Amino acid sequence: MTSTHSTTRRNKRVGGALAAALCALALTACGTERAGGGVTAGAAMAAKPTASPTPTEARPDPMDDPALTIEEQQAALAFMALVTEVAAPCEEDAEDLPTAPSSLPPQRVPVPTEPGGPAPRPGTSEVPVPVEDLPAPADTAWNFDRVRQEVELGEVEKCAALRHGSRIAKALDGSGDPTAAHVEKALGAIGYNLPYRLHGPVEADGKVEFTLDLRGGELCLDGTYDGTRTTFDPYGVHPAVYCTDVKRRG
């Protein structure tokens, strides 16, 4: 169940971006042309997102920016391919886990027969009782305080966080002084090179702090590198806000 839920969330979030990237691979240009014939870079791709205190609507997904160049669309596709590849073993492990049987037997009701028709035979005249759909939430208006609350990660994304952390630590641990430039270069070398997916790195108290937006589902990852080792803190974030918007628990 966890695997299916995570995959569904991932597909919903990246559907538009993947379509744009496939367009880039198939056509000469899918970006917005300048008057002189060039293609403009997507504004959202050109700079890291800056979170405003109280946005009045959902944050746009930069991967759906129609002004992305072909190169930017291909970079976005490569990033999502990396996220999917890292999480794939976690999803396979989740699918192999046995599911607990329900403790309650399914409720059944007799099937009505037409007047004069044959009576139903025992054991063959029952059908599952239909379950009514739950009512829609009463409050559907945009509420930043609600959507910025930390989201519980599923088992697949907890596993994926460990795998991302392991490959980042392998690239960073003991590799050099804790400077923002060094960390950004090391992260870029292993595929975490989209500006709007990387918040920071910033230097603070002799360490380098950064946040990676690894969402196909809800996963964000805070990291700290001190020149010797890297530590991580994964957490879940609603897709309508940035990783840096989230209000952490505790």
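A residue is called buried here under 20% relative accessible area, exposed over 50%, and partly exposed in between (1.4 Å probe, protein chains only). This is a predicted model, in which local features need pLDDT of at least 70 and side-chain atom pairs count only at pLDDT 80 or more, while totals for chains, interfaces and linings use all residues. Residues are numbered from 1 along each chain as its sequence is written, and side-chain values use heavy atoms, with hydrogens and water left out.

By the burial cut-off, Phe79 and Tyr192 are both buried. The structure holds 1 aromatic pair. Rings of Phe, Tyr and Trp (its six-membered ring) pair if their centres lie within 6.5 Å; planes under 30 degrees apart count as stacked, over 60 as edge-to-face and the rest as tilted. The ring centres of Phe79 and Tyr192 are 6.4 Å apart and the planes stand at 75°, so the pair is edge-to-face. It links distant parts of the chain, 113 residues apart: Phe79 belongs to helix α3 (residues 70–96), and Tyr192 to the loop between α6 (180–189) and β3 (198–204). Helices (H or I, at least four residues) and strands (E, at least two) are DSSP runs, numbered from the N terminus.

Strand β3 also belongs to an open sheet of 4 strands, with the order β3-β4-β5-β6 and antiparallel pairing; two strands pair if DSSP finds at least two bridges between them. β3 and β6 (230–236) are the edge strands, each pairing on one side only. Between β4 (residues 207–213) and β5 (residues 219–225) there are 6 bridges. Val208 stands opposite Tyr225 in β5.
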